[in-house]
Structure formats: structure tokens, C-alpha cells
Amino acid sequence: MAGAAKISVKVIDVVEVNELVKRFKFERTDGGLMPTFSGGAHTVVEMNDQGTRRLNPYSLMSSPTDRSAYTISVRRDDEGRGGSLYLHNHVKPGMEMTISNPVNLFSLDLRARKHIFFAGGIGITPFLSQIKQLSAANNGHFELHYAVRTASLGSYADELLEHFPNNVDVYHDDKDQQIPLDKLLEGQPLGTHIYVCGPKGMINWILSGARKAGWPEQALHYEEFLAPEPGKAFDVELAVTGKTIHVKEQQSLLEAIEAAGVDAPYLCRGGACGMCETQVIRSEGDFIHNDHWLTDEEHASGEKIMPCVSRFDGKSLVLDR
Amino acid sequence: MGIEFNKETYRGDYTFTNSPTAIKRFPFPFDKDSYMYAVNMEPHTPVREGSVYYNSFDVDEHYVSEMADRAMVLDEDPLRCQSLPHMELAGWDLLELIMAAKAKDYPDLFKLTCDGDKWHWVNKPLGIDETFTFMDASTLPYGPMEYITRQTQGDFCLLDQREENLWMDAGMITTQADWSLDFDIGMNFFEWHAPVPLAHEKGIFIRALKFLLNIQQGAPARRLNWTMTVNPLLDTSPENYHKWGIQKTTLTPENVGSKQYLRVELQSFFRLPRSNGMVFPIRCYLIKLEDLVTYPKWARRFHRVIRDLPVELATYKGFIDNRPMILDYLAQFDDGAETSPGVWPED
Amino acid sequence: MPKTKFEPSIISRPVYGELKPKNGKSHLLIADVEGAQAILDLAKKAPTGFFNQAHIIYIPRHTGETYLAKLQKLNAKQHYVGPSFGAAQQRIQRVLSDAHNGLQIYLAGSEGLIGQAMREAIGLGFPHQAIQTEHRGSKARRMQCVHCKGVTEDVSTDPFECSHCGLSLFVRDHYSRRLAAFQGVCVDAEDPGNVPDKMEIT
């Protein structure tokens, strides 16, 4: 069975954080304890969206040592394929669902002398658990710089400012407040690590600023879960199982492979972990690569594809599955 | 259950012995008549009750004596157990993993009671009864990794995961096949395996690392490795090589069956929850050739494996000079008959 | 003396490159012996103003005054010449402990100097992969005796005698960044007294 081990859970609480974000709390249906996890970990939530099976990763935001329940926060994406809409519109307290064991692709470098977190919008969620981990262990020199559109859309900004007034700065787009990046990159001790979670533009801005200022690559960390982008439908031949599948506009290639009854490996389903990497046997057409895993050379080679987020546009595609 | 612990030594007079039960459950590592490196990972899930693969951390008749030997090694050389400062959290992960598993798998030997952070640990075979505060190292006589691995058979590599690699940043290493924690601590997966011949060229370590990085909480894996040791010496360390290396020259055609041991490592791999690190327990099992050949399938197969092993591997594993003598001994048990697939002695 | 060429070896054996100026807020250049020439070659490629934010720490040893005047002419913001790594060590630690991200580190010369300076930087959280190195001069090695743990400096033959316990050790390519040393292992453990002839390390 592909993916991390599963946990059967019951939704015990759904809270509207603001007009775009809802928070969901899960307990085990068997009454047992949740596995401990590390700050920055995510869980993959399985949804049965009117016959379509969706599996979306969401960062765990509760304290890593609180084993009674897990909480996630989900931003509604009205343009997206529907995972967040399903959670917002259909998931109610009392419902039973399946989530995965925690997986961490964005963990703290525990050697760091200091951690600087940059969050944009809903990108705040992994930092909530990381900050809880650092403050519980009492070894955390950290700063959080959190950019939000407006004060009312700044999920958890007030709580963070209240608990960590010396560590947290919030910047409001509607008041033209900008993260003073150049200034923040100066004067940080050797061994300081940077973590970014937010929109692609923000990630690129911060990473390239740090590189230009001579920061070592190993001190830079980021996480961006890509939602699979919809696109033109296409057909794929699976050489190992001998099946030909049709990938619908609103479906990812991985979802189409699974819908055909093929148990393909996966973990994050967001183009980050590398688990679903698939060999291309033959192709005639263009790849639409959307992942963070393969290198530019691998993308150009046409020999590999990450079916969780990437697509294809052309005459024929044969995969080693 | 109801394990009777041997009183035996792994040095000096070498009184180590395997009971018939221990021989039968020995983790014979060859599932066919030849050997080459392979990633050969499988899920670390229970297989055949009574086998060494049945529990997360196997406890056997050698437990008490093996822990006494470890204590002696550490008295002589405290550098065999080291932890870089950022690895303490992983040490607590390991302590929790082992205590919970042993209390569940061997309730007559170990007991763990947790009341919030107040933990009570009872280890009956070693006569330990400890109350401590979880995550507060000042309430234990040693750091968490050292504390629990002084009570658990096998070596332990505690690894940090970063930069798409695994880093050996802590460990308890006293039963090793000739590598030094003190030298290798801080190295990444490729660096600490650097001296291994042939496997890098075959891409074994690239594939193995990729597999290991994807091991998730609650889904451990395992594999076997092996080498040869003269005398039941657990501590074949590079540190003491100038003392034990000479023992290799004491083999004679008369004593090879009783002095030459097959040494098998049951390596397992667990994701650690709080630190997102990993632990590689490396459990060493020893069996002398005389005991091994009591199972005809093992005797035939082992003869063929040793005979056909590439020179580089026999050299790396340190028995190239003694190979002819070992083969002469094993040949008498190999009538050329076919062997059945798999590792089990009586299948 | 040009940069040194080494035979390909195992993965743990350090690989050295060629110093190139990198973007940074400040630059720390540490060299010994012929490593001075690597700094002088880097200077030819450096943008103007590079040395206004640079600190050079140089240990000439047997090269005496060969490179001193030329290095001095680079007009680095800070310039130090010392008799040994040991003498310079506390200065290096002090500089690193106060340094900020944006610092670039350049090491050149013998393996012993490069390894020991790198160890200081790593200890303060500077990633080893981000440190530039260039080997110049003798191929003598810094060796740790795996048995007594003593380090013998400037080992130029294989095997060699441990300067602490006296055992004859063979020279492995296995290298520890943490110890800044290669591993030396008893050469005659299985045949006491049978020590092979010494060969120059090449």
C-alpha cells in the first residue's frame, strides 16, 4: 500500500478562523493517542469528493507533543480543484475520515544557533508547530516575519504577537508594509537558518535575497505544497500494468493512475518528496513539469515525471508503471 | 518468554555459547547459494514467532552478558558512545521507542509506566528500577541515548536528517565490525560508507539512501549484513585492532570449527518522531561453524557462498588469509545436493 | 607552485578546488605555506573593494618571507602573519564567533591547515560545503592514530610511526572533518614486526 500508514479519525471541531481559513481538529476513532511528530510535519487528508478520491497534504499546526488530537488549517481556494472546497463545505464535526501518519519534509535544523521564519498567508501553519517545538524545548532562538493581506486575514497573528511579542513581526499588505529583507539578512550570527513558507513569489524573493547576501545554501529551507494544477485532458499508457488511462482536466496524473486501480508510490502529493518519481518509457509531446523534486536537467531530459503535480500535452506518453 | 540468561564472556576465556534454541533462531543471512551486495530491505514486521524477526528489539539468552561486556568496553574507552549536542532530542526519541517496545513485547522482563512526564522504568534482568522525568536529562544517570543503549543489545547509530542525507551524529558502538564511531561521527551516509569496496560503483548506497530517507514513522525496515570473526569477540573495533588482529592467525585445521564465527548483523531502521531523525540499530549475532553446520542446508550453502565470494569482499571482510582453511572445513559438509530457497534451516 | 593534483579516491577523502571570489559581506582568507599563491591568484579575479572587507590570516612556515610582501600589497582590512596554526587558532575562533552570515571563507595551503580551519568554522555552524578550499604545496597529511587517538602532523610516508604511541600505522584515505585528520591503522597487527618499507605519499 502506497503512502504513509493511515489513521482513522473523527472530526471533533471545525472553527472558522476568518473568511478564508477554517481549522479542523481530528481525534482517533479508536480513542487512542496520535503519534508524536516534529515541527513542520504534515498529514495527508483523504477525501471522497463526490466519487473523486482526493488526498491533500496539510501542515500539522498543533503542538508536536500533544497526542490527544491533530489540528490543521485550510485556506479555501475557490479556483482550485476542490480539495479545500470540500473541506470547507462538506466536512462537519462527527464525520469520520482517514489521514496519514505524520511526514516531515520541512524540519528544523536542530544545530541552528538561530531560526528565522518567513511566512506568507496560510504558509504560517508549519511554523506554528515549529514554534511550539522550540518554545517547549526552551532552546529556540527564533524570529517570525509574517506577511498577511489584511489584519483580518492574518490567521493566528494576534495569538503569536501576544505569546511571543519579542520574536514576531506581522506585515500588512493593505498598509503597504513590507518585510525589511535586506536589513533582516544583515548581522545574523553564523549558523542562522532561514525557513520560508508562502507563495512562490515570496519564496523566490527571500531565497534570492539571501543568496545575493552570501548566505550558504545549506542554511536556506522552504516548503511550498503545490496543489496539482488542472489542465488539458490527456491519455497515458502504463507499460507495466498494460493499462491505458485518461487523465481528466480536474484530475492529476497520479489520481488517474490510482483510479485505474494501480497502487503507485506517493508520499506528499505536492511535488516535494520525490516518492512518486516515475520513469518515462516513450513520449511524443511536451511535459508540463510543476514539481520541486527533479532538477532542471531531469525536466529537460524527458525521462522522468512526478505524476502528483505534473502533466503532459502531446500525442503519446508511455510510463513505467 | 521465560528466557534463561547465559553467564558467559566475549573476551579472555570466551565462554560464549549458543543453546540449541539460539542456533535454530540464528539469522542466517543467505537466501541462495551466492552473495553479492544488494539493498535487500524489507519491512521490519513480525515474522515467525520465536525468530529474531518477531519483536522490534530482540532480547535473547545473551542479553545480560552482552550488557556486561558493553559496560567493560565503555569503562575502557568512553569515546565508544558519543552524541553531538543537537542529538539529545533524538536520544529521547530512541529511549521512548525502546522502552515502549520492550515493555509491550516482554512484559515479564520490562515495565514502563508513564504519568505525564513522570516515567517509571523497570528492567528486571539487569535489576534496574528508575523513576525519571521524560525530556529532562538531569534526572537520568546518563544522557537518554546512553542510558537506554546500555540496556539494549546491539549497536545504535543515531542519525540526523538534513540536506537530503543522513548524518551519523550520535551513537553507541561497542559491537562493531571494524569501524570507529569516534572517527566517523559527523559524517554523512556516503562518507561513513566510503571504505566499503564495490558497492559505491554499483550505486547501492544511492538507492539505499533514497529508500531510508523515505522510511516513515511506524513503518521501520530491516536488512542483514555479515562478516567473519575469529573467537566470539563482540568488540572488533579498529581502536583495539592491534590487540585482536593477531587472533586471526590462531586458526588451525583442528580448531577452525570452534574458533571461526559467522557474524551477522540484523540492521533495522526507524524514523524518530520528535527529531525527524533516524535510528539504525545494528544487532550482532555470532555462531561458530561447528554449530552452523548442524543444519545441513546452512552448511552446504555457506560453503558455496564463501567459496564463490569475490576477493575484494573476502579482503574487506578480513578473512582472505583464512579462507582456504575455512573452505577445507566446510567442504566436508557439502555433498553438492540442492538447497531449498530462503533462509530458514528446516524449510 | 600550481594547485595540487590528487588521484581519485574514496568519497570521504576531501576534494579541493580553486579559490574564486564570491558575493559576501565580508571575506575570511586563511592560508599557510604555498597557499599564499592561491590568495594572490584569487586577488587577480576579485572585484575592486574585495579586500576592503577581507581578513587574511597567513602562516608561512618554511616559505619564510617568499609571499609576505605580495600579500601585504593586497591591503586587506585585517592582515595577520603567524608562526603556526596553533598560534593563530584563538584569533580564528574569535573572528568566527563574532562573524555574521554573509561571510565567505577561503582556505588554501596544506591539508592540515585547511582541515583545522574548516573544523573551527563548522563548529560555529558554517556549512562545510560552503567553504572554498585550494590545496597547494606538500601532500603531507595530518593523521589520527585510531588506537591511541593521538594526531601526528605532516606525515609524508606510508607507513609511519605514531608520534604518540609509536605503533607503525598505514595511511588510509578515510578522512574525518571533525578531527581534521586521516585515519592511521596498525600495519602489522596480524603479523607483528612485519612492517612494509616506507613509501613517500604521493
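**A tour of two interfaces**

Domain 1 of chain C and domain 2 of chain C bury about 720 Å² between them, and 50% of that area lies on carbon and sulfur atoms. Buried area here is the accessible area (1.4 Å probe) that two parts lose on being put together, summed over both. This is a predicted model, in which local features need pLDDT of at least 70 and side-chain atom pairs count only at pLDDT 80 or more, while totals for chains, interfaces and linings use all residues. Residues are numbered from 1 along each chain as its sequence is written, chains are lettered from A and ligands numbered from 1 in the order in which they are written, and side-chain values use heavy atoms, with hydrogens and water left out.

**First stop: within chain C**

Select residues 26-135 of chain C for domain 1 and 141-200 for domain 2; these bounds come from an automatic or database domain assignment. The domain centres, taken over C-alpha atoms, are separated by 28 Å. Nine residues of domain 1 and ten residues of domain 2 take part in the contact, where contact means heavy atoms within 4.5 Å.

Next, select C:Glu111, C:Gln116 and C:Arg119: in domain 1 these lose the most area to domain 2 of chain C, together 52% of what that side buries.

Then display C:Arg61 and C:Asp154, whose side chains meet in a salt bridge at 2.8 Å, N to O. The term denotes a side-chain nitrogen of Lys or Arg within 4 Å of a carboxyl oxygen of Asp or Glu. The count between the two domains of chain C is one salt bridge.

**Second stop: chain B against chain A**

Select chains A and B. The contact draws 22 residues from chain A and 16 residues from chain B. About 1600 Å² is buried between these chains, with carbon and sulfur atoms giving 49%. On chain B, highlight B:Gln216, B:Gln217 and B:Arg274, which lose the most area to chain A and together make up 31% of what that side buries.

The count of salt bridges between chain B and chain A is three. To view a salt bridge, select B:Glu163 and A:Arg111, whose closest N and O atoms are 4.0 Å apart.

Finally, colour helix H3 (88-105) and strand E6 (155-162) of chain B, each of which supplies at least two residues of the side that touches chain A. Helices (H or I, at least four residues) and strands (E, at least two) are DSSP runs, numbered from the N terminus.
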